[in-house]
Amino acid sequence: MSLFIERLVNGLADGSIYALLALALVVVFRSTGQLNFAQGEIGTLGAFVVSTLTLSGLPVWLSILLAMFVGFVISAGVERVVVRPIEHRNPGAVIVALIGVFLAVNQLVAMFWGVDARGLPNVFPDQADDFVTILGAPVRIARLGVIGVLIVVLLLLWLMFNKTKIGLAMRAVANNQESSNLVGIRVGTILVVGWGLAGAIGVLAAALLAPSAGLTGTLMLGPFLLASVAAVLGGLDSPVGAVVGGLIIGLTEAFMVGYVDFLGADMLFPVMLVILLVVLLLRPSGLFGSERVERV
Amino acid sequence: MSGDALLAVTGLTAGYGPVEVLHGLDFTVGEGEIVVILGANGAGKTTTMRAVSGMIPRHGTVEFGGVDISGAKPDAIVRAGVSQVPQGRGTFTDLTVEDNLECGGYTVKGSIAEDLERWYGVFPRLAERRDQKAGSLSGGEQQMLAVARAMMSRPKLLLCDEPSLGLAPLITKELFKVLGNLRDEHGMSLLIVEQNAGMSLALADRAYVLETGSIVATGTGDELLADDTIKEAYLGVVN
C-alpha cells in the first residue's frame, strides 16, 4: 500500500510535467494549427536561464518567473518572425521551419551554457527529510509541489480563458480567425500572446523537471515526445485532454516500471505508442478532442 | 446623395493576388438607408464586402462618415462603426451564444450588459439558448445570432453578406423583417449584398446590380423590381 501511494504520487508528479508541456502544445495548436516542435527546447533554454539567475543570487521562484518571461518573449517571437511570414506563403513549410527553430535553440543552449550537466535548485524543499506521510507512505514535498503547480496553472488558465476579455478573444481566434477579425479582434496579437503563453508554460515545466532529472541540453527531448503523445492522446485541441493525457502517461510510467518486471523504463515509449494507437483507432480525434480537428 | 452619404465608395478595385475581381465600383449608402447590391454567383459580392471591411487589400476610396477608411485595418473599421455579418454566418460554433455576443462587443469600451439585454430582447430565441454552443443552433438561429453579434459593436452601418444563403424562404422572410426593423426601430443603415432579388429589392430603398465586378444598373428597389432584364436574370421570369 505504501509503495503504491509512493508510485501514485510519483506518477502524478511526472505526469503533471508532461501535462504542462502538453497544455502548451495544445494552446498553440488550437490557435495556429501547428505542433510546435521547438516547445521543449525553449523550455530547456528557460531552465538554463533559471540556473544562471539562481547562481547570480536570485531566489529560485523569482528566477523561474523571470525565465518564464524570457520563454514568453522567445516563443512569441517565433510566431511573429518565423511562423507567420512562412504560413502566408506556404503553410506546409511551417513544420520544417519549426524543426529548424528546434535545432537552432538546441545549439544556442550548447553555445551559451556548454554541454556539461549541471544541477538546478528545487523551488520546493527537497532535503532528505522533506517528506510528509500519507496513509503510511513517505511522500516527498517536492513531488507534491509539482502537482500543486499544475493545479494552480490550470486554475489560472481557466480563469483567463473564461473570465477575461483576452481569454475570450483567444477562444474566438481558435474557433474562427476570419470572424474574429470581423468583430474587431486583432488576430495577430492574440496569436503572439498564445504562443508566448505556451513558451512560458514550457519553461515552467522544464524548471520543475530539471532539479530531479539534471539540467542538460537534452533535458526536454524525452518529455517533449511524451507530451506530444499526451496531447494527441487527449485530443490536440483540448486543454482538458492534454492534462488527462499527461497524467495517464505519468501514471503508466510509474506503475509500469514499478509493477511489470519485464518492462523497464526503456519500454515506456513503445508501450505509450501502443496505447496511443489503440485510442486513435477507437477515437480518431483523441479522448477529448472535437471532431473538427479531423478536417484540418 | 453622395454629399451627405454615410458610406461613399469611389473607384473601388480589389481582388486576390494577380486576379482583379472588382473593376472600380462607385456606390453610396445614406444615413438610415437600406442599399442592396444584387449579383449572381461570382459577380464579386463577397469581395465587395471584404474590401469595405478591410479584410483584403483594395484600391480606391472608402469614406465612412466623412472619414477616409480606405487604408484602415478591420478592427479599426469596426471601431469606426461598420460591422459585418459574414457570408455563411461565421458564428463561433464552439462558443456559447452569449460568448458569441460578447465577442461581438469586443471593441466596446465599458460594460456591454445593456447591449446584451437589448439584443436578447430583439431575439428572444437567443436569450433562451444563451448557454448553448452556437454550432448547435439551426441555420436561421445562427443567422440571427450573426446579426445580433454584429450589432453588439454598436455600429452605424451593418454589412450583410448574402444573409438569405441556405435559409428556407419563411426564415428568410423573417430575417428580412428583422433587417427592416434595424433601420426603422434602431436607426441603422444597411448595405446588403444578395442574389435573392425578390425579397431584397422589396426591402431596399436603393439598389445596384453587380455583374462580373462592375455595376451595370442602379435605381430604387421598386424600379429594379419592375425592370424586365432584372426580372429575367434574377427572378426567373421569362417574357
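Guide: A residue counts as buried under 20% relative accessible area, as exposed over 50%, and as partly exposed in between (1.4 Å probe, protein chains only). This is a predicted model: local features need pLDDT of at least 70, side-chain atom pairs count only at pLDDT 80 or more, and totals for chains, interfaces and linings use all residues. Residues are numbered from 1 along each chain as its sequence is written, chains are lettered from A and ligands numbered from 1 in the order in which they are written, and side-chain values use heavy atoms, without hydrogens and water.

Visitor: Why is Glu162(B) called buried?

Guide: Its relative accessible area is 3%, so Glu162(B) is buried. The residue sits in the loop between β7 and α7 (169-186) of chain B. Helices (H or I, at least four residues) and strands (E, at least two) are DSSP runs, numbered from the N terminus.

Visitor: What is the phi of Glu162(B)?

Guide: It is near 40°, a positive value in a residue other than glycine. Most residues other than glycine have a negative phi.

Visitor: Why is Arg154(B) called partly exposed?

Guide: A relative accessible area of 44% makes Arg154(B) partly exposed. Arg154(B) belongs to the loop between α6 (139-151) and β7 of chain B. Its phi, near 55°, is again positive in a residue other than glycine.

Visitor: How do you know that strand β7 of chain B is mostly covered?

Guide: Five of the five residues in β7 (157-161) of chain B are buried. On one side these are Leu157(B), Leu159(B) and Asp161(B), and on the other Leu158(B) and Cys160(B), which covers both faces.

Visitor: What makes β2 and β5 of chain B edge strands?

Guide: The open sheet has four strands in the order β2-β1-β4-β5 (chain B), with antiparallel pairing. β2 (19-29) and β5 (67-68) of chain B each pair on one side only, which places them at the edges. Strand β4 (residues 58-64) of chain B is joined to β5(B) by two bridges, and Phe64(B) stands opposite Val67(B). Helix α1 (residues 45-52) of chain B packs on this sheet, touching β1 (7-16), β2 and β4 of chain B, at about 70° to the direction of β2(B).

Visitor: Why are α1(A) and α8(A) called roughly antiparallel?

Guide: The axes of α1 (residues 2-32) and α8 (residues 187-213) of chain A come within 8 Å and cross at roughly 170°. Angles under 35 degrees count as roughly parallel, over 145 as roughly antiparallel, 65 to 115 as roughly perpendicular and the rest as oblique. The two helices are therefore roughly antiparallel to each other.

Visitor: What kinds of residues make the contact of α1(A) with α8(A)?

Guide: Among them are Leu20(A), Ala24(A) and Val28(A) of α1(A) and Leu191(A), Trp195(A) and Ala205(A) of α8(A). The residues of this contact divide into 14 nonpolar, four polar and no charged. Contact means heavy atoms within 4.5 Å.

Visitor: Why is Ala117(A) called exposed?

Guide: Its relative accessibility is 55%, so Ala117(A) counts as exposed. Ala117(A) lies in the loop between α4 (94-113) and β1 (131-134) of chain A. Leaving aside neighbours within four places in sequence, Ala117(A) is in contact with Leu215(A) and Thr216(A).

Visitor: Which residues of strand β2 of chain A are on the covered face, and which on the uncovered one?

Guide: In β2 (residues 137-140) of chain A, Ala137(A) and Val139(A) form the covered face, and Pro138(A) and Arg140(A) the uncovered one. In a regular strand the side chains alternate between the two faces of the sheet. Four bridges join β1(A) to β2(A), which run antiparallel, and Val132(A) has Val139(A) as its bridge partner. The two strands form a hairpin with two residues between them, and Leu135(A) in the turn has a positive phi of about 50°.

Visitor: What area is buried between chain B and chain A?

Guide: About 1,800 Å² is buried, of which carbon and sulfur atoms give 58%. Buried area is the accessible area (1.4 Å probe) that two parts lose on being put together, summed over both. Met55(B), Phe92(B) and Tyr106(B) supply 34% of the area that chain B buries against chain A, more than any other three residues. In all, 24 residues of chain B are in contact with 18 residues of chain A.

How values were computed. Axes fitted to C-alpha atoms, helices over the stretch in contact; angles between N-to-C directions. Nonpolar A, V, L, I, M, F, W, Y, C, P; charged D, E, K, R; others polar. Pairing = 2+ DSSP bridges.
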